[in-house]
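Visitor: Hi! Could you walk me through this one, a bit at a time?

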Amino acid sequence: MSLRIPLPTILCALLAACAPLLQAAFPTLALKPVVLQQIHSPTNITYSPDGTGRLFVCDQLGKIHIIQGGMLLPTPFLNIANPGNSAGNTGPGPVIGVGTGYTERGLLGMAFHPGFADSMSPGYRRFYIYYSAPASTPTANPSTPQDHVSVLAEYQVSTSNPNLADPATARVLLSFGQPQSNHNGGQLEFGPDGMLYIASGDGGSSNDNNAGHTGGTAATPRPTNNLGNSLDRTNFLSKILLITPLDPYGVGSLTYSFPSDYPFFSNPTPGLKKEIYAFGLRNPWRFSFDKRPGGTNRLFCGDVGQGRIEEINLVTSGGNYGWRYKEGHEFPTFSSGASTNPMADPGLGPYLEPIASYAHPGVTTAPPVLPQLGYSVTGGYIYRGADIPALQGKYVFGDYGTTSGATDGRIMGLEETAPLSGVFTLTQAIPLLGQSNPVVGRRILCLGEDENGEIYLGMKTKGGVLDLDGGFPSGSLYKIVRVDSHNASINSQIDNTIFSEDVDLSRDYSDGQGFLYAGRTGPNFGPYLRRALIAFDVAGELPAGSVIQSAQLRLRLNKLGPAAGGTTMSLHRLNQTWGEGNSVNPSDVGTGAPATANDATWNYRFFNTSLWSTPGGSFQATASATAIAASGLMTWGSNAAMIADVQGWLNSPASNAGWMLRGDESADTTACQFDSLQKRSTAPALNLAYQAPPPPTPFEEWLQLNYPAILVGQYVDPKGDDEGDGIYNLLEYAYATNPHAPESNAG
């Protein structure tokens, strides 16, 4: 199927063959950190189509990194950073220099030829990059003024090392001047037709209406009705371009070709660029094809708006998306010295509408009224992986920043209402496990895919390219992973009873190994109070990062006090940790026994070294849950307070002091006896439902255990030998041994 067939023809053909689409909500997803604090500014994430599973990440300063086996290889695949950058960030060029400030220039895109792994293909070992070069770089398509030059170049991989590119093979295919520093596009991707698609921005500044923009001028007021670069098809700016990137002759001046069925091949307009696939875009930062098995082959593009509207477009052959005549669904009101009236229709329509759009925070829009969600659309991918079935066929995309100052990136989604209808519903914030969406403090620069179709996010905490965060690069890479639902029943880790008998501090009572008691005794003995303490090792039983969905405490009441029936038994979160010693009352009555070391008592939380801040235990006055006393199994919860208690213990294990169980302390003979961990037919149990991402791989677990201080994704040499016993790390992992301790039979 050619992408240059008009879209309605494709729709009619495929709609008849498609079964009805059952639309479902976006599932809760999790973000798994892959590489943290080792990349400055990830602008592109892609994979080599060769079965190696390698991920390639473009760092804006001019380096391409490989992630293999979950680790960032220490040597860049390609380093073309500027020699004038700060120490540690240099290279031989030709990428323009960058610093700690914000810029949209640098290494922006990368794509592997579809024949990359095929030794019989002319694309064997070839890949392509898009970068910003200094203004002095020669180009056949200069701009006046010229802030820098956008370059599309071909490289080949080293013949001796597949993890290194060969800089000597660099071949510039296409270059063109950019009048200002911003709006550079930069996405590269091969379509299902095997052609290379290239995104370029409108040249920068604002309104597509400055010097270097068709009809524009640096002086103010500026013209209102000029075309701008976006609608001018005689330049390469603000377009989706399309070429066959291989040198058609292997030598000579031609560096690429294009077939005669391109949309503007036969257009007689003087100077028209035949490489144009679509135009009228402002800054098509990231686009992607839905070209995997089960896909529709359509091209989805996030086009960054100006001051009001962000949009997602379905890009079609010859399509005109209306900038600068239109911004999203609206006709923009220009500023920066231009007329306050919208630009007159230049007569180049029809103008294709976006399939989804949203407004900037604080911006109200004419019908349709748009949600106010973000400042700069990132673009994304249709999910066609296998690991998250509930995400299949949905478009996942992001926005760079949703708050003032463009921080807190938002992850959103689109679902098509019927197959190939072109009508989509917007999910404003895909639910994320255990964290907010927008993602606080992280800008979303790009999304990408691995060889299996799983989706990744490139993010950063700082706005500047080389701006550090805590002394480390501020970029990060996360993988979108599924969330699994689980149930768990956890027996108490420790439980105890404290007694209010009026004795001196050296003779406090406890019953660390006996039954649990809660309530008030009768006048024949006291009356005194009993309070049960129960704690569960939540963090030891549940994987880190889990989110509690429900929490229920179950106890067996085996002896009901004469006045206890129908009274309230309340559960309170404890504020201080406490202990369980070896005290035990051999008569199994509720009088307790002298406390032993570390026992919890009425006065001590650890006998006899640490006092409670308040005698009788330090606990939250408001009950987390209540239940009515009755013989047999009793349950407390599930409710929001209990869920919050357990989630807090999971997130911060040091805060886990468990619960205190209190009976009716205002009336005599309300004390009840409960089974404990040691004295039981039914142990105290915490029944949980929770969600969690997939567990770490065995290798990740081995790294966490043996290299706890390294950064996430930091390289550990598989052939390294930390302890010098002659056993490589890879073998240490295979045999689950400690790489820091020599094995006795080594050698």
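Guide: Happy to: I240 stands opposite A278 in strand 14. This is a predicted model, where local features need pLDDT of at least 70 and side-chain atom pairs count only at pLDDT 80 or more, while totals for chains, interfaces and linings use all residues. Residues are numbered from 1 along each chain as its sequence is written, and side-chain values use heavy atoms, with hydrogens and water left out.

Visitor: What counts as a strand or a helix here?

Guide: Both are DSSP runs numbered from the N terminus: helices are H or I with at least four residues, strands are E with at least two.

Visitor: And how many bridges join strand 13 to strand 14?

Guide: There are 3, and strand 13 and strand 14 (residues 276-279) run antiparallel. Two strands count as paired if DSSP finds at least two bridges between them. Strand 12 (residues 196-199) also pairs with strand 13, in the antiparallel sense over 4 bridges. Within that, I198 has L241 of strand 13 as its bridge partner.

Visitor: Is strand 13 buried or exposed?

Guide: Buried: 5 of the 5 residues of strand 13 (residues 239-243) are, so the rest of the structure largely encloses it. The cut-offs, with a 1.4 Å probe and protein chains only, are under 20% relative accessible area for buried, over 50% for exposed, and partly exposed in between.

Visitor: Which way do its residues point?

Guide: K239, L241 and I243 point one way from strand 13, I240 and L242 the other way, and all are buried. In a regular strand, side chains alternate between the two faces of the sheet.

Visitor: Nice. Switching to cores: which residues touch the most other members of the largest nonpolar core?

Guide: L152 and L196, out of 42 residues in that core. The largest share, 3 residues, comes from strand 10 (residues 165-178). A nonpolar core here is a set of buried Ala, Val, Leu, Ile, Met, Phe, Trp, Tyr and Cys residues joined through side-chain atoms within 4.5 Å. A second, separate core has 35 residues, including A518, A532, A625 and A627.

Visitor: Back to L152, what is it in contact with?

Guide: Leaving aside neighbours within four places in sequence, L152 is in contact (heavy atoms within 4.5 Å) with Y128, I129, R171, V172, L173, L174, L188, L196, I198 and I243.

Visitor: You mentioned strand 10. Which strand does it pair with over 9 bridges?

Guide: Strand 9 (residues 148-157), in the antiparallel sense.

Visitor: New topic: where are the buried residues of helix 5?

Guide: In helix 5 (residues 698-706) they are F699, W702, L703 and N706. They sit on the same side of helix 5, because they cover an arc of only 100 degrees around the axis, taken from the directions from the helix axis to the C-beta atoms. The face turned away from that buried side carries the exposed residues Q704 and L705. Covering the buried residues of helix 5 are, among others, strand 5 (71-72) and helix 6 (729-734).

Visitor: What is phi of N598, then?

Guide: Near 75 degrees, a positive value in a residue other than glycine. N598 lies in the loop between strand 35 (593-594) and strand 36 (604-606), and it counts as partly exposed at 41% relative accessibility. For T669, phi is near 55 degrees, also positive.

Visitor: Last one: how many disulfides are there?

Guide: A search of the whole structure finds 0, where a disulfide is a pair of cysteine sulfur atoms within 2.5 Å. For C301, the nearest cysteine sulfur is that of C446, 15 Å away. C301 is buried, at 0% relative accessibility.
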